[in-house]
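Open the structure in a viewer and keep the selection panel at hand.

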Amino acid sequence: MLRVALLVPDGFATFSFAPLAAFEAANLVLGERFYDVHVTSVAGGRVANSFGMEVDTECVEDSVFDTLLVGSPPDVHPPSQQLLSFLRGAPTNTRRVASICIGAFILGRSRIARRPPGDDPLDVRRRAPAPISQGNSGG
């Protein structure tokens, strides 16, 4: 059995649960529980999503997982230091670490992606092109 964890940050977007449907479908097709899916957080306990609904989670540090999926917040904002600290050690006890949507920015901030020093992945405003005004279509 492969153990999969969805690691949800505080204020996570509800669509973070959507990829879990693939594991559910695989289990149904196989006729057995091949993927053992867990919803986790850094501290465990109840975690509120982006509109305030709370979800019970397991403490991610209490188990070892084959796959760790980092859930997505609804917007780009700095993750907690506790979450970053956990993620920095995750590759040593997790076979694969992936993210859902803009959860990739959390992985980037944790330096799992080994970005150059000073290259802050959350600084998307600096990288983004200027918005197109109504009077300028850019073309």
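Which residues of α2 are buried? Select Leu 83, Leu 84, Phe 86 and Leu 87: these are the buried residues of α2, where buried means under 20% relative accessible area, exposed over 50%, and partly exposed in between (1.4 Å probe, protein chains only). Helices (H or I, at least four residues) and strands (E, at least two) are DSSP runs, numbered from the N terminus. This is a predicted model, in which local features need pLDDT of at least 70 and side-chain atom pairs count only at pLDDT 80 or more, while totals for chains, interfaces and linings use all residues. Residues are numbered from 1 along each chain as its sequence is written, and side-chain values use heavy atoms, with hydrogens and water left out.

Look down the axis of α2. What covers them includes β1, β5 and α3.

Next, select Leu 83 and its surroundings. Apart from neighbours within four places in sequence, Leu 83 is in contact (heavy atoms within 4.5 Å) with Leu 7, Pro 9, Val 42 and Ile 106.

Of its 13 residues, Leu 7, Val 60, Leu 68, Leu 83, Phe 86 and Leu 87 touch the most other members. Two or more residues come from each of β1 (2-7), β5 (65-70), α2 (81-89) and α3 (103-110). A second, separate core has 11 residues, including Val 4, Leu 6, Phe 12 and Leu 69.

Move to α3, where 6 of 8 residues are buried: Gly 103, Ile 106, Leu 107, Gly 108, Arg 109 and Ser 110. They pack against β5, α2 and β6 (94-99). Just after α3, Arg 111 takes a positive phi of about 75°.

Finally, select the aromatic rings. Rings of Phe, Tyr and Trp (its six-membered ring) pair if their centres lie within 6.5 Å; planes under 30 degrees apart count as stacked, over 60 as edge-to-face and the rest as tilted. The count comes to 3 aromatic pairs. Phe 12 and Phe 17 are edge-to-face, 5.7 Å centre to centre with 80° between the planes. Phe 12 is buried at 0% relative accessible area, whereas Phe 17 is partly exposed at 26%. Phe 23 and Tyr 35 are also edge-to-face, at 5.0 Å and 65°. This pair links helix α1 (residues 20-30) to strand β2 (residues 35-41), 12 residues apart.

Conventions: Core = buried A, V, L, I, M, F, W, Y, C linked by side-chain atoms within 4.5 Å.
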